[in-house]
Amino acid sequence: MTLAGKQVILGITGSIAAYKAVLLLRELTARAAEVTVVMTAGAEHFVGPLTFRTLSGRPVLSNLFDPQSDDAVEHVALAERTHVFIVAPATANLLAKAAHGIADDFLTTLLLAARCPVLMAPAMDGGMWDHAAVQANVTTLRERGVTVLEPDTGALASGLHGRGRLPEIETIVEEVERLLAPVRDLAGERMLVTSGPTREPIDPVRYLSNRSSGKMGHAVATAALRRGAEVVLISGPTALKPPAGAVYVPVQTAEEMREAALQHLGTATVVIKAAAVADYRVERPSATKIKSGGKRDGWSLDLVANPDILKELAQKKGGAFLVGFAAETNDVRAHAADKLRAKGIDLLVANDVSQHGIGFEADDNQVILLDRWGGVLDLPRMTKIQVAHAILDRVLALRAAPKPRRTPSR
Ligand code: CTP
């Protein structure tokens, strides 16, 4: 698509991948974007500003504290008229500063002044990307609405092989286009999304639950809202902020989730059940704290089965399109095919929660989409928000042409 009339800031930080920003700049200007390049001091060690100045046809900004420069006072105005702010490559240092609101150079100061969508394309050594501090910063930025792309896997400057390469230029440009022309293809849809775990009380201080963080369900709600849907988000307890614009219904137990889901089912056009519902609850929770002193010889809890909410929704859904999730640890595809049939739903999102870095608590996911017409879509590892968009794309495609291909077979 043309980016004519679009003001873009391209921030470049001190990574060996800085040379690839030249190619990104060329792609952006080829689409007629008006690009202002901002370099950190580190970036200038790798590529000279003259290259970027020549290709962008504009001065390159870098020194906030240069008394000869008018740039410093100009930064708020520049940030305000920008349509998209890209940082590529984004080093671990830049991600940390951005996550903590540090503004000690021109680029980080501009980031604080910007009100437009921000896209970061990280590049660093694989071990650094995996570090808990970097991952925490990435999570903070994503929760704040910044799009942080996943780095690519391949040969790294360190000589090692791993994750940490700057994402492909094509991927970055695609994401820029998506941010600049948000699709409103879910306008008019009413989505019912469930998220998080449920908590089944044992007594007033103890409960049974599971490791669901709610990140996948919340990502689905966020993606649907971005695409113009009305969203009711029914969620068990999580550490996440509900996405702005959603009708948020907090629940604790499976029974509460069931009641809330049935209440909102009538008006929903699409139901996406990402919640990890506890399959069992304690038959008779104690009204008072059970004292440990009396349990020295062990303690048995009598559990009873919780209602299968998804199955019940499938029986009562009317015209709504119903999507379920399957958390598996082995034989993912076979278990998922069984679950699709047993629950009587339209689409099943299967993921292997035993894999490191995807599934419970992770920011990424890798899923297989199985539909009731026999279609199977094996998706690569992506961020949960990208998975959410892929699920929504699939729902729209299947609803537009749900031609029976074959009955799913074992
Ligand atoms: N689900 C539900 N009610 C339950 C259990 C699960 O609505 N009591 C829904 C979940 O929200 C999810 C799907 O069913 O969309 C599959 O959940 P999962 O935990 O993978 O499967 P289970 O049905 O619990 O089956 P199993 O534990 O045997 O794998």
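1. A polar contact is a pair of N or O atoms within 3.5 Å; within protein, one of the two must be able to donate a hydrogen and the other to accept it, and residues adjacent in sequence count only if both atoms are side-chain atoms. In this structure, a nitrogen atom of the ligand is 3.1 Å from a polar backbone atom of Ile-309.

2. The model is predicted, with local features needing pLDDT of at least 70 and side-chain atom pairs pLDDT 80 or more, while totals for chains, interfaces and linings use all residues. Residues are numbered from 1 along each chain as its sequence is written, and side-chain values use heavy atoms, with hydrogens and water left out.

3. An N or O atom in the side chain of Lys-339 is 2.7 Å from an oxygen atom of the ligand. For the side chain of Asp-279, the distance from an N or O atom to a ligand oxygen is 2.9 Å. On its own the ligand has 570 Å² of accessible area (Shrake-Rupley method, 1.4 Å probe), and the protein covers 77% of that area.

4. Which residues come nearest to the ligand? They are Lys-273, Ala-275, Phe-325, Lys-339 and Lys-343, out of 14 residues around the ligand; a residue is near if one of its heavy atoms lies within 4 Å. By class, the shell has 8 nonpolar, 1 polar and 5 charged residues. Here Ala, Val, Leu, Ile, Met, Phe, Trp, Tyr, Cys and Pro count as nonpolar, Asp, Glu, Lys and Arg as charged, and the others, Gly among them, as polar.

5. At least two shell residues each come from helix H12 (309-316), strand E16 (321-328) and helix H13 (332-343). E16 gives the largest share, 4 residues. Helices (H or I, at least four residues) and strands (E, at least two) are DSSP runs, numbered from the N terminus.

6. Helix H5 (residues 92-100) packs on helix H8 (residues 132-143) at an angle of about 50°, with the axes 9 Å apart. Axes are lines fitted to C-alpha atoms, for helices over the stretch in contact, and angles run from 0 to 180 degrees between N-to-C directions. H5 is therefore oblique to H8, as angles under 35 degrees count as roughly parallel, over 145 as roughly antiparallel, 65 to 115 as roughly perpendicular and the rest as oblique. Their crossing is left-handed: the near helix is turned anticlockwise from the far one by less than a right angle, whereas clockwise is right-handed.

7. Helix H10 (residues 215-226) and helix H14 (residues 384-400) have axes that come within 8 Å and cross at roughly 60°, so the two are oblique to each other. H10 passes H14 in a right-handed crossing.

8. Two backbone details deserve a look. Ala-88 and Pro-89 are joined by a cis peptide bond, with omega about 0°, and Pro-89 lies in strand E3 (residues 84-90). Ala-32, in the loop between helix H1 (20-30) and strand E2 (34-39), has a positive phi near 75° though this residue is not glycine.
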